[in-house]
Amino acid sequence: MIFLAQPDAPASGTDLRARKSIAVTGGAGFLGSHLCRALVDRGHDVVCLDNFHTGSASNVEDLCARANFTLFAHDATLPFPDTLPRFDEIWNLACPASPVHYQSDRVRTLLVCCDGARRVIERARTDGAAVFHASTSEVYGDPEVHPQREDYVGHVNPIGPRACYDEGKRFVEALLTDAAEQYGIRLRMARIFNTYGPRMHPDDGRVVSNFVVQALRGEDLTVYGDGTQTRSFCYVDDLVAGFLALMAAETVSGPVNLGNPAEIPVEHLAETVVEMTGSRSAIVHRPLPVHDPRRRRPDIGRALAELGWRPRIGLREGLERTIHDFETRLAPRTPADPV
Ligand code: NAD
Ligand code: UDP
C-alpha cells in the first residue's frame, strides 16, 4: 500500500541545497511520526516504511498530503524494495518499544532488531547512505551505576523477559558499529531514555500513556510495585531536536544518551497526572514486573558538550500537552462516567 502525496510547497525557510532523500523505518510509530514530520517540515523527501505492528497510518495521515512524504507498507526484516529511490539517510526506528508489546512475541522482537539492522546496512552500502539508529537506555539494563554514562557497559540478564529488547538493541549497537567501521558507513546512535508525548497509542502500555488514559477515563492508576522506582521522562519535541542535532554532528562517534535527566519516582508521576487532569481516579498498586529496572537517569554531558543539546520542556509542560492530546483523541465521556 502506497499513499502518494499531493504536490505541496516546501516549508518556509527550507534550504533546498540541503534537501535529502530519507528513509525512516518504523516511521508510523510514536517517535517515528514526530521525526517524519520534522524532516518533512525541513523540506526533505521522506519515505516512511512501516508494517503497522505497533504504529498506525493515522499517525502520519496529515503528512500524506505533502508532496515530499510517502508512506510505504513494508516489513523492516525484509530487503528494502528496489522501487524505492536512492537514500542519503536511513533512520532505523522499527521495533516495538513498550514492554507489553515487545514481550508479546519475543522472538519477533529479536528478529526485527537484528534483521532490521541487517537490511539497513545492506541498503546503506548500496546507496552510500548515512545511518541513524534508535538505541535505548535499556542497553544499561538494571543499572548499578547512576546516572548512566555512555561508557557504562550495563547490567543485563541475557535470558530474562526483557532480554529480547535489551539484548536485541545491544546486538544492533555491536552490528552497526562494526558495519560502520568495516564498510565506511556514517553512523549515529542515540540511546533514548523514556520519551512521551502526543500520538502515543492509548493501548501502548507504557507508564505515561497508561496513567493519562486511566486518569481521563476515571479508572484506577496502576502503579507497579511500591512506585519508588524511577524513570527520567523526556518530552518528544526535545528528543527529536536531539535526533536532528546528532545526525547533523560532524565529529561525534559512538552512542549518545538523549533524555531528560530529571529523575521521577513512578508514584510521583501518578500523583502529578491525577492532579493535572483533575481526575477522581484512585492510585492502586499492582505487582512489579520481573526485572523492572530500579533507577534510570541519563548523564547527558556528552550530548551537551558535543551537540549543544539539552531538553527544554519540563515534566508539567510536557504532560499538559500530552493530556490535551489524549483528551482530543479519547472517546467523549458519557454522563454516567465517573470523572
Ligand atoms: P512505537 O512502538 O510507537 O514505534 C515502533 C514502530 O516500528 C511502529 O510504527 C511499528 O509498527 C514499527 N515496526 C515494528 N516492527 C516492524 C517491522 N518488522 N517492520 C516495519 N515496522 C515495524 O515505539 P516508539 O516509542 O516510537 O519507538 C521507536 C524506536 O525508538 C524503537 O526502535 C524504540 O526501541 C526506540 N526507543 C524508544 C523509546 C521511547 O521512550 N519512546 C526509548 C528508547 C528507544
Ligand atoms: N509502570 C507502572 N504502571 C503502568 C506502566 C508502567 O507503574 O501502568 C512502571 C513500570 O513498572 C516501570 C515504569 O513504570 O517501573 C516505566 O515503565 P514503562 O513500561 O513506561 O517503560 P520501561 O522504562 O520499563 O521500559
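## A buried phenylalanine

F193 counts as buried because 26 C-beta neighbours lie inside 10 Å. Here a residue is buried if 20 or more other C-beta atoms lie within 10 Å of its own, exposed if 12 or fewer, and partly exposed in between, with C-beta atoms placed from the backbone. This is a predicted model, in which local features need pLDDT of at least 70 and side-chain atom pairs count only at pLDDT 80 or more, while totals for chains, interfaces and linings use all residues. Residues are numbered from 1 along each chain as its sequence is written, and chains are lettered from A and ligands numbered from 1 in the order in which they are written.

Where does F193 sit? Its place is the loop between β7 (187-192) and β8 (195-196); helices (H or I, at least four residues) and strands (E, at least two) are DSSP runs, numbered from the N terminus. Leaving out residues up to four places away in sequence, F193 touches S137, S232, C234, N257, L258, G259, R296 and P298, where contact means C-beta atoms, placed from the backbone, within 7 Å. R296 is 103 residues from F193 along the chain, yet their C-alpha atoms are separated by 8.2 Å.

Helix α5 (residues 207-217) and helix α7 (residues 266-277) have axes that come within 9 Å and cross at roughly 35 degrees. These axes are lines fitted to C-alpha atoms, for helices over the stretch in contact, and angles run from 0 to 180 degrees between N-to-C directions. On the α5 side the contact is made by V207, F211, V212, A215 and L216, and on the α7 side by V266, L269, A270, V273, V274 and T277. The contact residues divide into 10 nonpolar, 1 polar and no charged; Ala, Val, Leu, Ile, Met, Phe, Trp, Tyr, Cys and Pro count as nonpolar, Asp, Glu, Lys and Arg as charged, and the others, Gly among them, as polar.

## Around the ligands

Let's turn to ligand 1. It is surrounded by 27 residues, and the closest are G26, G29, T54, G55 and A76; a residue is near a molecule if its C-beta atom, placed from the backbone, lies within 6 Å of it. Helix α1 gives the largest share of this shell, 3 residues. By class, the shell around ligand 1 has 13 nonpolar, 12 polar and 2 charged residues.

Ligand 2 has 14 residues around it, of which R206, V207, N210, Y224 and Q229 come nearest. Both α5 and β9 (221-224) give two or more residues to this shell.

Key
Contact = placed C-beta atoms within 7 Å.
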